[in-house]
Amino acid sequence: MRFYEDWLIQTKILQVSKTKELVNQWIKNLPRTDLKKLSTRGRNSRQYNLKNIFKQEQSFQFILENCIQKITEEFEKRNGDNPSLSLNNAWTVIGHVNSFHAVHRHKNNPENTISTVMYLSAPPKDLNDPKLMDRGEFYYFINNKDNRLLFNSVYPRTNDFFIFPCWIWHGTYPQIKGIRQTLNIDFNVHR
């Protein structure tokens with residue numbers, strides 16, 4: 001795995017309940033982000049920009065440290081790299097029934113940005129109901145070594161943590177029950 005290649009890491013992260021509690025405490029007083037101004041399209045969700053809070057509030061430092069530690073662990077496991085990271089952007093998305101995010105990618109400094117998605121909550125999948133096949137799944141597209149575009153999808157669970165280069169196209173299928181909340185943080189990579 002090299003940074004300039006397509007890749008996606010799915011792992012677990014700790015302290016999600018503490019993170020969710022802190023994030024939800026802060027967003028009570030924040031205005032929703034106007035989704036029409038974003039490159040991302042979706043429905044039935046609320047989004048809140050947290051970048052300034054992450055920069056200003058000391059109470060959010062443990063979240064950044066937790067994410068950076070997990071990213072570093074995953075990179076060391078795969079190829080011995082120890083990237084130096086700093087905050088690029090942060091936001092939370094709360095999706096209700098039938099919410100989805102259309103396929104999109106994050107484009108800020110694409111050569112030097114890692115995107116992450118932390119699932120603070122995700123409704124459980126009912127494996128006995130075939131109508132729920134891919135409802136609420138996180139999906140993404142990556143180029144393999146033969147430069148063929150591959151599609152993959154994963155039903156997320158609370159505590160799931162996805163790490164990928166910001167140029168990877170990704171989104172979520174509509175969910176048909178429950179509330180899904182993610183914390184999305186993009187990091188600058190300093191080489």
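**Exercise 1. Determine which residues D186 touches, leaving aside residues up to four places away in sequence.**

Solution. Step 1: D186 touches S86, L87, N88, N89, W91, H106, T113, I114, S115 and T116, where contact means heavy atoms within 4.5 Å.

Step 1: The model under study is predicted, so that local features need pLDDT of at least 70 and side-chain atom pairs count only at pLDDT 80 or more, while totals for chains, interfaces and linings use all residues. Residues are numbered from 1 along each chain as its sequence is written, and side-chain values use heavy atoms, with hydrogens and water left out.

Step 2: D186 is found in strand β9, which covers residues 180–190. Helices (H or I, at least four residues) and strands (E, at least two) are DSSP runs, numbered from the N terminus.

Step 3: One of the residues touched is H106, and the side chains of D186 and H106 make a polar contact at 3.2 Å. A polar contact is a pair of N or O atoms within 3.5 Å; within protein, one must be able to donate a hydrogen and the other to accept it, and residues adjacent in sequence count only if both atoms are side-chain atoms.

**Exercise 2. State which side chain of opposite charge is nearest to D186, and whether D186 is buried or exposed.**

Solution. Step 1: The nearest side chain of opposite charge is that of K51, 9.4 Å away. In this count Lys and Arg are positive and Asp and Glu negative, whereas His and the chain ends are not counted.

Step 1: D186 has no salt bridge, a salt bridge being a side-chain nitrogen of Lys or Arg within 4 Å of a carboxyl oxygen of Asp or Glu.

Step 2: D186 is buried. Buried means under 20% relative accessible area, exposed over 50%, and partly exposed in between (1.4 Å probe, protein chains only).

**Exercise 3. Find how many salt bridges the structure holds, and describe the one between K12 and D160.**

Solution. Step 1: The structure holds 5 salt bridges.

Step 1: One of them joins the side chains of K12 and D160, with 2.5 Å from N to O. This pair links distant parts of the chain, since K12 lies in strand β1 (residues 9–12) and D160 in strand β7 (residues 160–165), 148 residues apart.

Step 2: K12 is partly exposed, with a relative accessible area of 42%, whereas D160 is buried at 2%.

**Exercise 4. Identify which residues are linked with K70 in a network of salt bridges.**

Solution. Step 1: The network links K70, E73, E74, K77 and R78.

Step 1: In the salt bridge of E73 and K70, the closest N and O atoms are 3.6 Å apart. Both residues lie in helix α3 (residues 61–79), 3 residues apart, about one turn of the helix.

Step 2: The side chains of E74 and K70 also meet in a salt bridge, at 3.8 Å from N to O. E74 and K70 are 4 residues apart in helix α3 and are therefore separated by about one helical turn.

Step 3: K70 is buried, with a relative accessible area of 17%, and E74 is buried at 2%. E73 is partly exposed at 33%.

**Exercise 5. Count the aromatic pairs in the whole structure and classify that of F138 and Y140.**

Solution. Step 1: There are 11 aromatic pairs in the whole structure. Rings of Phe, Tyr and Trp (its six-membered ring) pair if their centres lie within 6.5 Å; planes under 30 degrees apart count as stacked, over 60 as edge-to-face and the rest as tilted.

Step 1: F138 and Y140 form a tilted pair, 6.1 Å centre to centre and with 40 degrees between the planes. Both residues are buried.

Step 2: The rings of F141 and F151 have centres 5.3 Å apart and planes at 55 degrees, so this pair is also tilted. F141 is partly exposed at 24%, as is F151 at 43%.
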